[in-house]
Amino acid sequence: MPSAQLPRAVFAMDPVHLPLLFPAPLLARLRRAADIDPALVVRDFADPAAATALAGAEILITGWGCPRLGADTLAAAPRLRSVLHAAGTVRSLVGEPLWKHGITVSSAVVGNALPVAEYTLAMVLLAGKDAFTHRERFRRTHVPPSAGETAHIGNVGRRVGVIGASRVGRRLLELMRPYEFEVLLHDPYVDPSEAAELGALALPLEELLRCSDIVSLHAPDIPETRHMLDRDRLALVRDGGVLINTSRGALIDHAALTDELVSGRLHAILDVTEPEPLPADSPLYRLPNVFLTPHIAGSLGNELERLGRIVVGELERLADGLPLAHEVRHADLARVA
């Protein structure tokens, strides 16, 4: 197909991500589906150097570092018809003007869900073995645990409570199927029959918290879920229970969580916090019952190419006149991440 017939596309993101999202073979495939200059990566829509490219752009390929798409951007890109986001949520990227213009939006969130689910599964398995406690003890004493000290560990019949049947939550449920967990699920949009199909028992939030050995958060960050695990709900988790958060820090009241962790009553595996990062004097950095990582569960390094492949697939569908496979709909934003 001659390049004149290809749709015009522009990259809009932090340029540092481009080589990992679109390594050479994938970039070549992308350029067969769109007329795009890989040397032009827009970070500021007001930059005069971007004006000509935006004026002719039919498709924006966005990623982390892309500024919000507001009315001024749409005015500068009158031919724009699609935004393909090579990352997860588009909540902070797209505004009302974009939806009013009928511009279609796609996200690679399904690709970003997999590494988060994989990370969470790994943490569930390690938590079930009480690996973090025994690591701390072994570093301190150099003495292997006694049979009495390991009597409570293991993943056979371990009750894992999943809060949120999001893309990550559903992928986690899928990944846990080969294991002998008892899986519980809370999601207000999932009824008991659907939960059973997903391999879980549907429960109200409070009951799930009371019954679970390990609780993993996968709800969206929306006003209704802010601090959904407040002081009263955290108190429902059994003594020695483990809380895993790979979603958003705002889902938990961190003052209440810090009190529970400082007391030693609960354990936590936190890849996200509120704020992020925590202040340097936060006790969570030092507590032996807290495993803290710097927001690494999502796509990093060679995992970014998976997101690029999704975007290229969407671009090829547009070039062939097909609907997007991973379209984000305006109506869904009220209840998804």
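Reply: Helices (H or I, at least four residues) and strands (E, at least two) are DSSP runs, numbered from the N terminus. This is a predicted model, in which local features need pLDDT of at least 70 and side-chain atom pairs count only at pLDDT 80 or more, while totals for chains, interfaces and linings use all residues. Residues are numbered from 1 along each chain as its sequence is written, and side-chain values use heavy atoms, with hydrogens and water left out.

Me: How many residues of α6 are buried?

Reply: In α6, 14 of the 20 residues are buried, and the helix is mostly covered. Buried means under 20% relative accessible area, exposed over 50%, partly exposed in between (1.4 Å probe, protein chains only).

Me: Now the strands: which one does β10 pair with over 4 bridges, β11 included?

Reply: β10 and strand β11 (residues 267-270) pair in the parallel sense over 4 bridges; two strands pair if DSSP finds at least two bridges between them. Strand β9 (residues 214-217) also runs parallel to β10, joined by 4 bridges.

Me: Which way do the residues of β10 point?

Reply: Val242 and Ile244 point one way, Leu243 and Asn245 the other, and all are buried.

Me: Where are the cis peptide bonds?

Reply: One joins Glu274 and Pro275, with omega about 0 degrees. Another runs from Glu276 to Pro277, with omega near -5 degrees. Pro275 is in the loop between β11 and β12 (290-292), and Pro277 is found in that loop too.
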